[in-house]
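Here is a structure to look over. Some questions and answers about its build follow.

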Amino acid sequence: MANINHVAIYLRKSRDDENEADVLSKHRQTLYAFVEQKKWTYDIYEEIASGDSLEFRPEMQKLLKRVEDEIYDGVVVMDIDRLSRGDDEDRGKILKKLARYDVKVITPQKPYDLNDEDDSMHVGFKSFMARCEYMMIKKRLKQGKIAGAKQGKWTNGKPPFPYEYNRDTKTVSVNPDKLVTYRLIVEKYINEPIGLQELAVWLNLAGVPSLTPDSPWSSTKLHRLLTSQVHLGKIVYQKTRGNFRKDGKVTKRSTDEWIVVDGQHDPVKTEEEHIKIMTKLQQNSLIPKKARPGVRPLTGILYCAKCNHRMQFREKTLKYGSKALYALCAYQYPDGRNCEQVGHRLDNQFFDALFDGILSNVSTTVAGNKDEVAINELRTVIGQKQDKVMQEEKALKRVYTSYEDGVYSADEFALRRQGREAAIKALHQEIQALNEKLAMLSGQYSSFELKQQVKVFKREWKKASSPKQQNSLLKSVVTRILYDRNDDNVDLRIIYK
Ligand SMILES: [Zn+2]
């Protein structure tokens, strides 16, 4: 009982004491003496009436509420019986709560650690202990993390560039070489009229080693690096909420729910620099949003054949004030080279050529007959896998009950649980992959369906009055148009649905 400092003394007359008038005061004195001899601090809860059920024991209810505040290391009673003599349900409620908050039950004869198997058996609630032990482990882990974060200890795995984690001290330190790079990035971004993309190119060309050896600097990487509060010397915890075990869904918490505390690691940027960075990022992100155009006829379907990236559209004002739409490839390679694709004006001629292309190529396109056999086979396999998931889930449930019944030790339980969970996860992944394949197979048009669709396209195209209508008409027959221009030759390769 090394870690006991503050306890609750709980006193209650039991029915058997009715005849002895001073039994309660005797108990009181005994417990005071016991607690004082241990040099513990304490609060007293003394039940005036002697109700058996929890409902009629207001002091116990008060005590259990305070237990949730995690202020007590133990509850001191004359005898285990004083704690709970009502029905099993009441007893369960009380002991479960004490166990969950790791509050020991202490009698002058013996302390009971509710998380100790022998002790809990002695107290006689073995069966539900197993159930809540699992919950407690989880809770303690989480509390440990939060407590760690509150002390400024690093708890979130791999720290960001330019920090490195020290396993022994559980803190992070700055790698001096990486720090040079980091400072370069911060200062360049703050002091020069340079955007994230330009900065990424600049770093790649300068041969500055990236965060990961295989992938070059990019605007997303720089964004993450520049906005992180870790570099202010802070530790951020609870950014996400989720339950990997239950459904695997993890959601982002809003920023006001984050725990941000001063860490033990050195800051590598100042608050002032952080504000400058955030202000510049915000200003830069506002411009494109406002200027973002509506849907163009070829939005989402026109791709550059030279680099395979989506083409962009720009509107230019011509000499006499009329406007013209251009398609161009704006892709920039990590080393800053621009894609060499030459753009083209999207005038009537262009669309006429596209229209003719779509109509004339469809007859030569071997649109695959929809493979009904393959589709059915896939459906069967997916069904089988789903059955397997159900079996595994049942088995997992059995693992839990067996553990609760004391069949497994905690280690065996963990091992078996992990095995089942891994199997379930793997199955889910397989099913997802199969479903994607199925969607692809059944989404394809048969050649008959495609020809029908192209007929509709042919009939409606000239009538389409808005870019949006044109866009959805095109999307009804093609998935991609690969654009390639060499000198004045424009080649449009059409990939049908
Ligand atoms: Zn390109």
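Predicted model: local features only at pLDDT ≥ 70, side-chain atom pairs only at ≥ 80, totals over all residues.

User: How many helices and strands are in the chain?
Analyst: Helices (H or I, at least four residues) and strands (E, at least two) are DSSP runs, numbered from the N terminus. The chain has 15 helices and 17 strands.

User: In what order do the five strands of the open sheet lie?
Analyst: Strands pair if DSSP finds at least two bridges between them. Strand 2 (41–46) and strand 5 (111–112) are the edges, each pairing on one side only. The pairing is mixed, and the order is 2-1-3-4-5.

User: Which residue in strand 3 is the bridge partner of Val-7?
Analyst: Strand 1 (residues 6–11) and strand 3 (residues 74–76) run parallel and are joined by three bridges. The partner of Val-7 in strand 3 is Gly-74.

User: Are helix 8 and helix 9 roughly parallel or roughly perpendicular?
Analyst: Helix 8 (residues 196–205) and helix 9 (residues 219–227) pack at about 105°, with axes 8 Å apart. Axes are lines fitted to C-alpha atoms, for helices over the stretch in contact (C-beta atoms, placed from the backbone, within 7 Å), and angles run from 0 to 180 degrees between N-to-C directions. Angles of 65 to 115 degrees count as roughly perpendicular, and those under 35 as roughly parallel. The two helices, helix 8 and helix 9, are therefore roughly perpendicular.

Technical notes: Residues numbered from 1 in each chain as written. Parallel < 35°, antiparallel > 145°, perpendicular 65-115°, else oblique.
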